[in-house]
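The tour goes from one selection to the next and says what is found at each stop.

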Amino acid sequence: MKKLLLALTILLFGICASAQTSITGILTDGDEPLSLADIMLHKMPDTVLIKGVSTDDNGAFAIKDVAKGTYMIKISYVGYDDFSKKIYIDGVAKEFKLGNIVMKSGIMLAGARVTGKATAVTIKGDTVEYNPNAYKLQDNAVIEDLLKKLPGVEVDKDGSIKAGGKEVSKVLLGGKEFFANDPTLATKNVPVKIVEKVQVLDRKSEQERLTGISDGEEETVINLEIKKGQQQGWMGNITSGLGRDVKNETGNKIRFDENAFVNRLTSNSRFTFISNFSNTNTGRGGRNTFGGTSGNTTAGMGGIDLATFATDKLTVEGSGYFTYRNTNVERSSNTETFLRDNLQQDSSIYTNGTSLSNSYNRNFNTNVRLTYKPNDFNTIIFRPQGSHSHSDSYNTSYSETLDANLDMINTSDQRNRSENKTTSYGAELNYSHKFGTSGRNLSFELQFNGSDTKGYRKSYSEIKYRSKPDSVIDQLSNNTNKSTTYRFQTSYIEPLSKNNFLQFRYSYRANNRDQKTLTYEDLDGDEIYDDLNDKNSNNYDNKYINQQIHLSFRRTTDKYDFQIGANLNPQSSHSTGERYSYETGKIEPFDQKRNVTNFGPMARIQYNFTKSHNVRVDYRTRTGQPSLSQLDPWIDMSNPLIISYGNPDLKPSFTHSLNIVYNLNNRSTMRTLMAGLRGSMTQNSIVSNSIFDKAGIQRRTYDNANGVWNLNGNVIVNFPINATFQINSSSFASMSQNVSLANGDKNTTKYSMLMPNLGVQFSALFMDLGVRGTITFTNTKNSLSAQGNRNVRDHDINAWTTVYLPLNFTFTSDISYKTGSGYSAGYDASQVVWNATVEKSIMNNKGTIKFSVNDILRDKKNITYSSIDNTIQQTLTNTLNCYFMVSFTYRFNVFGGQSISGNSPMGGPGGGMMRIRR
């Protein structure tokens, strides 16, 4: 690591030391200077954009700190022919003078044709535009293959994308959203051959684009401009894979992975069908992601997504998906809870447990979005949605609880089964009106959501105690849960002058929640549940109303955007029902009303040094309402060792947050520096309150407390060296303080974490290579007991490569090494996980045969560490280990009436500018 850092330092120093020459010139049309012309400097021979500047009011420009080498300078100005010139910088002279440059009027000669090499990158205002023809790619390349080669763009091994250090949230096709919630469906399936340009840009949030009221949020998106004549066609792929586990303790098991993606694209519509069925813990589609590293999952999904741009005024979009997931999990855990004993000395309770669980979930989701823009001043959006889910689960567990001397307190043997059916529905209506070009804006929003859940839970437990008689509990609980939410919001912007605005917003939200649980016991052992247990039954109702009145002043200029204002937040909560009192041992009715009004200032300023160099400071306040489980006084005894119940006396929490973000994005070099500092402090935070008795039984509820805060910061550096090599670094640090109550004692947990990360990526025609290393330092301190203090360190190194071989073979490999210290025995084991794939393209690149092996070394483990309140838990969960699979993929892409899956040329490496020949 030291040698790598030294080499990088020398490299960076050398780059900076040689960058001593300035290129200067003056641009005119022969009579008048031309201001704001685009001056681009490209490194030869690969035409990587090095720097870009604009001419000043006198037509002058200067490109500073240019290193020794050969370059192509390109000058463009609307209405004039492009000017280009090849130059050589010797690294000695302080200045390279181009002198007076006279631009010629842009008249295309008859019969002229454009030849030459393509420019790789162009900067247009806030947009970075890449030309796919400037990059060497495999003939059957998709957009993800291209993104891996673009300077300033990162593609992780899971397909997630970052541009300029920021997560890409959406991929657009021709400016229209394509599977907005899953960008990888576009990047992994759209062929490069139909794309004219790839544009990376930042845009305001949908809320701000609709209402004009800034929420301080931006999103990074990628837009794929489709070539003329290619806007209509079919694309898709079908994959079928079959394999099996490498023999282990549980024997062999067949593995399968079946996928289908079919998309029909026209100039005014889009239709997509997607399906995925596998038992390899992988799966993705639309709004649904399943699988993961825990347990063994068999899952599937199928659905459609469609959009029709019926007219320039009306767009209709919709989707419907069905998913299912069946997961088996084996888990062992070690838990330590820190307390004070009767003499106020440090003490602990230890719990060791194992469990087996199975869950089976089925879900159907559908939604529609209608956007109507009759003109430039009015927008109406209507979004209805609905879903239905059905879940079954079964769990068996065994645990033993030990005191501080490691003597047995109790043992527990439990079995739980549950089933729930939930129907959800809702609709949202938005209307926005802009009054001319003055900046005046009025918007309304109406929203309704509802859900209805019915189900049961059967719980059986045998507990053996050291200090009290053993117990057997056999219960059946029937529950219904209904919730409805109504929301209205209106906002208005009044321009006071060209740059000054007054913003007003009022919102009203009402939420009604009804919970009813009837718990029956089998006291005779005849498996007939006919004895009602009042203590564990309830009939509970909560009505919550939250209003917000917002008033702020906003001033916007080219240099800064400043907003200051305040929120008035009246709230009311009314809870009624019955609850069991441990003090009286009786069922008692309650009728709890609470009215709270919070006042919170807000301020936000963004200062722009340039268009891509800014700093933003944002201070906000928000109110948090307790969840239904935190309010509901129903006593949950499904685990007799952890008896939980809500507290209807809870107050809403109120949080102050401060966010500072610094962003330096050199669009000409694709080099990025981002830094952020975020902090929050919560009043009346909702915290856990636990009481432990000598039998090891925990009664857990909730209370309000102050003293909860957190502070975290991050630094992200993206440093492309050239078109094929870039360095990415990110560091994250956090500090926080949480409060909990244990046996009446207040425990303050201070948590700190430092996580530096360094990655290197190399991309060429024959190979993609990446290496990333992370070290995580974690420190936990508890005020209640010094025994709860922990120092944990984790190391994670990951390397991946794709090698493009002759005869259409491709080899892909990723290997990761993880190790940790500070864990309990058995939970700190190192692991090396290696996955590899060999594939070959056949059938004129329409087909691919692939052989893959997962966890070749059979060393994969799934260990988690968590520190919550006064408890530290370490868990080991089963995961999918070594298996191999053989699969076949068939791709089809037909656009403009022609198949584009064959061996047509993709173009060579970029270089040079356009030339006109007669």
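Predicted model: local features only at pLDDT ≥ 70, side-chain atom pairs only at ≥ 80, totals over all residues.

**Stop 1: Gln831**

Select Gln831 and Lys861: a polar atom of the side chain of Gln831 lies 2.6 Å from the backbone nitrogen of Lys861.

Residues are numbered from 1 along each chain as its sequence is written, and side-chain values use heavy atoms, with hydrogens and water left out.

Gln831 is found in strand 46 (residues 831-842). Strands (E, at least two residues) and helices (H or I, at least four) are DSSP runs, numbered from the N terminus. Is Gln831 buried or exposed? Gln831 counts as buried because its relative accessibility is 10%; buried means under 20% relative accessible area, exposed means over 50%, and partly exposed is in between (1.4 Å probe, protein chains only).

Now show what surrounds Gln831. Leaving out residues up to four places away in sequence, Gln831 touches Ser816, Tyr817, Lys818, Asp859, Lys860 and Lys861; contact means heavy atoms within 4.5 Å. Arg858 is 27 residues from Gln831 along the chain, and their C-alpha atoms are separated by 9.3 Å.

**Stop 2: Glu144**

Move to helix 2 (residues 143-147), where Glu144 is found. Glu144 has a relative accessible area of 12%, so it is buried. Which side chain makes a polar contact with the side chain of Glu144? That of Lys188 does, at 3.1 Å. Apart from neighbours within four places in sequence, Glu144 is in contact with Val155, Gly159, Thr187 and Lys188.

**Stop 3: two loop residues**

Select Asn684, in the loop between strand 37 (671-683) and strand 38 (685-692). Asn684 is not a glycine, yet its phi is positive, about 55°. With a relative accessible area of 27%, Asn684 is partly exposed.

Next, select Asn808, in the loop between strand 44 (790-805) and strand 45 (809-821). Phi of Asn808 is also positive, near 65°. Asn808 is partly exposed, at 39% relative accessible area.

**Stop 4: a nonpolar patch**

Select Leu496, Leu502, Phe504, Ile549, Leu551, Leu568 and Phe599, which form a nonpolar patch on the surface with about 620 Å² of accessible area together. Strand 29 (500-521) and strand 31 (538-556) each give two or more residues to the nonpolar patch. Leu568 sits in strand 32 (residues 560-581) and counts as partly exposed because its relative accessibility is 35%.

Nonpolar side chains (Val, Leu, Ile, Met, Phe, Trp, Tyr) are joined within 5 Å, and like charges within 9 Å. Accessible areas come from the Shrake-Rupley method with a 1.4 Å probe; for residues, only the protein chains shown count as cover.

**Stop 5: the whole protein**

Finally, colour by pLDDT, the predictor's confidence in each residue, from 0 to 100. The mean is 82, and 86% of the residues reach 70 or more. Residues 107-117 have pLDDT below 50, and this stretch has 22 contacts in the model beyond near neighbours in sequence. The protein has five helices and 52 strands.

Definitions and conventions
Patch = residues over 30% accessible without salt bridge, like charges linked within 9 Å, V, L, I, M, F, W, Y side chains within 5 Å. Salt bridge = Lys/Arg side-chain N within 4 Å of Asp/Glu carboxyl O. Polar contact = N/O pair within 3.5 Å; in protein donor to acceptor, adjacent residues only side chain to side chain.
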